[in-house]
Amino acid sequence: MKFLRELFRKNFSTLLSMLLLVAVPLLGSASLTGILYKNQEFLENLTTGQSLLYFVIVGVAMAFSLVNTTAVVLVTGFYLGWSGFPGMVVAYALAALVGYQIAATLDHGKMLTFLGHFPKAEAVMRELKTDSWQLIFLTRVSPVTPFALMTFILAIMRVRRWPFLLASIAGMLPRSLFFYWLGTKAQDVFALLKDPGTGTTGKLLLLALVAASFFGLYYLFNQAVKRALSNRTSPPAE
């Protein structure tokens, strides 16, 4: 209980931000559906300049967790087709970088400083950072892990910025390609947003991504714990 009281007292703003990053996308996706329903012509026949503005807007919106990333991919695939996919990748990169900077600014290293009072937790966190590329990739590859929340957590862990960006993009590609393809094949984007019917093959693919993420993260965490314990019990070098 003392640990929890200290955690909330010293990291309230960080924990509140993390909670909002989980809740806000649900409201954002509902709002996005309503706006598009009333303005169905908005994304039709965009010029190059309008397309660039669109990707900047959705990138920032994803960074602030204002919209669900899957909803954005479906909508973009539906309206812009495959020509818009490179822009979607750039929007993801923008969202990751903006989210990273926001988290680092809000946290100011407070969470890591707090963990410094708990040597075991700090040791595990330090070991996880040695596998940061794999850690980032596995958190991104699962379609059920909130994009903005994981950006926040990884940023306060102080993983390095450019490996974070590259691993984020690589991890997001498998599920993004699948949902983008769904968007390009859809007949009604609003029905798709309410129920992204993926079919048996799609469900198996998403299940495989979730399983790979879960078991991969479990393995990384388990290995980090073992290394941390080994380092604590190893005799000092003479």
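This report describes the helices, selected residues and a cavity of a predicted model.

## Basis of the model

Residue numbers start from 1 along each chain as its sequence is written, and side-chain values use heavy atoms, with hydrogens and water left out. The model is predicted: local features need pLDDT of at least 70, side-chain atom pairs count only at pLDDT 80 or more, and totals for chains, interfaces and linings use all residues.

## Overall fold

The protein has 12 helices and 0 strands. Helices (H or I, at least four residues) and strands (E, at least two) are DSSP runs, numbered from the N terminus. Along the sequence the pattern reads α-α-α-α-α-α-α-α-α-α-α-α.

Of the 238 residues, 45% count as buried. Buried means under 20% relative accessible area, exposed over 50%, and partly exposed in between (1.4 Å probe, protein chains only). Among contacts with a separation of 6 or more, 84% join residues 24 or more positions apart. Contact means heavy atoms within 4.5 Å.

Asn45 sits in the loop between helix H2 (12-38) and H3. Its phi is positive, near 60 degrees, and Asn45 is not a glycine. Most residues other than glycine have a negative phi. Asn45 is exposed, with a relative accessible area of 75%.

Helix H3 covers residues 48-63, 16 residues in total. From first C-alpha to last it reaches 23 Å, close to the 22 Å expected. The expected span is 1.5 Å times one less than the number of residues. The buried residues of H3 include Tyr54, Phe55, Val58 and Met62. Ser65 follows H3, with a positive phi near 60 degrees.

## Helix H4

Helix H4 covers residues 69-80. Its end C-alpha atoms are 16 Å apart, which agrees with the 16 Å its 12 residues should span. At its start, a side-chain oxygen of Asn68 comes within 2.8 Å of the backbone nitrogen of Thr70. This is a polar contact: a pair of N or O atoms within 3.5 Å; within protein, one must be able to donate a hydrogen and the other to accept it, and residues adjacent in sequence count only if both atoms are side-chain atoms.

In H4, 11 of the 12 residues are buried, so the helix is largely enclosed by the rest of the structure. Among them are Val72, Val73, Leu74, Val75 and Tyr79. Just after H4, Gly81 takes a positive phi of about 70 degrees.

Lys129 belongs to helix H7 (residues 119-130). It is partly exposed, at 32% relative accessibility. Lys129 and Val159 are 30 residues apart in sequence, yet their C-alpha atoms are 6.4 Å apart in space. Not counting residues up to four places away, Lys129 touches Met157, Arg158 and Val159.

Helix H9 spans residues 147-156. Of its 10 residues, 9 are buried, so H9 is largely enclosed by the rest of the structure. They include Phe147, Met150, Thr151 and Phe152.

Arg140 lies in helix H8 (residues 132-141). It is buried, at 1% relative accessible area. A polar atom of its side chain lies 2.9 Å from the backbone oxygen of Phe147. Leaving aside neighbours within four places in sequence, the contacts of Arg140 include Ala96, Phe164, Met172 and Arg175.

Thr145 is in the loop between H8 and H9. Thr145 is buried too, with a relative accessible area of 19%. A polar atom of the Thr145 side chain lies 3.2 Å from the backbone oxygen of Ser142. Beyond four places in sequence, Thr145 is in contact with Thr139, Met150 and Arg175.

## The cavity

The structure holds 1 cavity of 30 Å³ or more. On a 1 Å grid over the protein atoms alone, a cavity is a set of points where a 1.4 Å probe fits but cannot get out; lining residues have an atom within 4 Å of a point. The largest cavity has a volume of about 50 Å³. Grid points are joined across faces, edges and corners, and volume is the space filled by probe spheres set on the points.

Its lining is Phe85, Met88, Val89, Tyr92, Ile169, Met172, Leu173 and Ser176. Helix H5 (85-107) and helix H10 (161-185) each supply at least two lining residues. By class, the lining has 7 nonpolar, 1 polar and no charged residues. Ala, Val, Leu, Ile, Met, Phe, Trp, Tyr, Cys and Pro count as nonpolar, Asp, Glu, Lys and Arg as charged, and the others, Gly among them, as polar.

Note on methods
1 Å grid on protein atoms, 1.4 Å probe; cavity = no way out; pocket = protein on both sides within 12 Å on 5 of 7 lines; lining within 4 Å.
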